[in-house]
Structure formats: structure tokens, C-alpha cells
Amino acid sequence: MNPTLSPLNPSAVTFRTTAAPRQPARTGRRAPGGRTRPCSGRVGDTDKPLHSGDWHGCFAGVVRSLLDSLEIETCTVLARASASQSFYELALLLPDRVARGVVVNGLVPRRYIAGKRTASRWTATLMGASFVSYPVARMILAAGQRLLRQSDPVSFLQKMYDHSPSDRTTLGDPAIVASSVRGVEDVVRQGLDAGVNDLVSGFAAWTTDLGALTVPVILYHGREDPNVPFNSVAESARDNAHCMTLLPENGGGQLCYSHIDRVLDLLPGDDDHGADRT
């Protein structure tokens, strides 16, 4: 059984195993815990982070070295939201080490989102900022972080997901809100460079050659996701049916919280888990 390398959170990378506490048999070989942003030193408030190609190549080198050090031949990769593009680049660079991928509420290339009704004002703002500059995107992220810290986190997050009843219910759990806040604080402590790079490159025109992917990928996406419209993901899956399988869910943009058991179930299996080619 393959262990899992999981960039669960955008702007940060987490190394962990597939094990859920309720099913310790899935543990396998343990990777170092904690988050890291390899190859992403601070470059100044008005300068650009590493070019995406440089960052992705550096990241792939770090992953290869990690797998080698643990004597792991291949792994499954779990990616969420804006980490999806980094996963696709990783799979293109390391097809011999990435056995499969599970992308949860993941971004898709801009051409699939542009022109479609997007419920989230946050997404619309970032799509505009991506064509302005890195400093503007940094300012938007920093402002969002300050608002989250200064206001009531529950109200702030529920407003972000106002068009998704499933997400509003999920974010009514204080433990989930606290986890979300801790994640934001972790990213801020590391600096905003990685987050800015993820979002600007994610909402700009991708240069990633999805047609060259050979790694099988499950796209696990909520029908109510207010940030990345479901029909955009379905269209991307149809255009890349050689490697992508769409697995719809009656949820929103927080499936890693609301449907975490299902996410964990998707990681180690060899079947299609009921997914449909779209």
C-alpha cells in the first residue's frame, strides 16, 4: 500500500500517511510531520517569488529526496484547492514516483472558470488580482487574514461560503473553525510568498500540460463549491478523460472537513470508488 504525500492546504505542504485514527492498519511508513515550504525563501514585498517552473522543479527534487530517504518507491498524493496545480506539476515531473492523485475541491485552469457564474466574490477578486501584480494579491491575502483575526471567525468564514449551505453547516462547528484559523495563522507565520504564488499562478493562465499526464487522478468535488464551480471541474475532467475521473459529492468547498472519512477512503483503494468518467 502506498503512503500518501498530501498538500492538503493551499500555500503549505503537509507530509503524512494515509492512516486515519479509526483505522490504524492504513498507517504504513510514517513520513516527517509538520508543514514546510521548500524552495520558497522570502523575496520582498514588491518582488515576485520564485518563477513557478523553478519552484515546481525544486519541490519535485525535495519530494524525490524525501521518498528516497524513506525508501518509498511510489506514493499517492492528496491535494486541495490551490495546491492542485502544484500536484499536477509534481505528477508530470515525477511520474515514476507518484502512483495516483486525489484532488479535493481543486482549482482548474482559468479558461474553465472564466465567463462562468462564480458565486464567490473572493474567487472573482483573485482572478482579477492575478492579472494585476503579486503585490496586489499579497495585499488581498493580508487583508483577508487581518479581517479573520479581528472579526468573529465563524461569521467571517460563513460569509465567505454564503452560497453553500453545506459549508455553512460545516463551519458551524467551533472545532472546524478553530482548525481553519490555525491553518491561516501557520501560513502567515511562514510569510505570504507561497500563498501569493499559489493563487496568482493558479488563477492565471496555466502552462501546465494536463494532456501529458499519465498519473490517474480522482477529482473529488462538491456540487455547491462556491469558489471553483462544479461545472468548470466537470468540463476539465471531460477534456482530460485520459487520466481524470470526476467524483461528485453533495457538499461544498470544505469536503476535507465535512467529508473527511470519504476523503481518507479514496486514498489507498485500487477501484474507482463509484466515480464516473465525465
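This passage describes the salt bridges of a predicted model and the surroundings of its strand β6. Residues are numbered from 1 along each chain as its sequence is written, and side-chain values use heavy atoms, with hydrogens and water left out. Because the model is predicted, local features need pLDDT of at least 70 and side-chain atom pairs count only at pLDDT 80 or more, whereas totals for chains, interfaces and linings use all residues.

A search of the whole structure returns 3 salt bridges, a salt bridge being a side-chain nitrogen of Lys or Arg within 4 Å of a carboxyl oxygen of Asp or Glu. In one of them, arginine 64 is paired with aspartate 96, with 3.4 Å between the closest N and O atoms. Arginine 64 belongs to helix α1 (residues 52-69) and aspartate 96 to the loop between α2 (84-93) and β5 (98-104), so the pair ties together parts that are 32 residues apart in sequence; helices (H or I, at least four residues) and strands (E, at least two) are DSSP runs, numbered from the N terminus. Arginine 97 forms a salt bridge with aspartate 68, for which the closest N and O atoms are 2.9 Å apart. Here arginine 97 lies in the loop between α2 and β5 and aspartate 68 in helix α1, so this pair ties together parts that are 29 residues apart in sequence.

In terms of relative accessible area (buried under 20%, exposed over 50%, partly exposed in between; 1.4 Å probe, protein chains only), arginine 97 is buried at 7%, while aspartate 68 is partly exposed at 44%. Arginine 64 is partly exposed at 29%, as is aspartate 96 at 45%. A further salt bridge joins arginine 168 to aspartate 162, the closest N and O atoms being 3.5 Å apart; arginine 168 is partly exposed at 31%, and aspartate 162 is partly exposed at 45%.

Strand β6 (residues 217-222) is mostly covered, with 6 of its 6 residues buried. In a regular strand the side chains alternate between the two faces of the sheet. Both faces of β6 are covered, with Val217, Leu219 and His221 buried on one side and Ile218, Tyr220 and Gly222 buried on the other. Strands β5 and β6 pair in the parallel sense over 4 bridges, where pairing requires that DSSP finds at least two bridges between two strands. Valine 217 in β6 is the bridge partner of glycine 101, and 6 bridges join β6 to the parallel strand β7 (residues 244-249).
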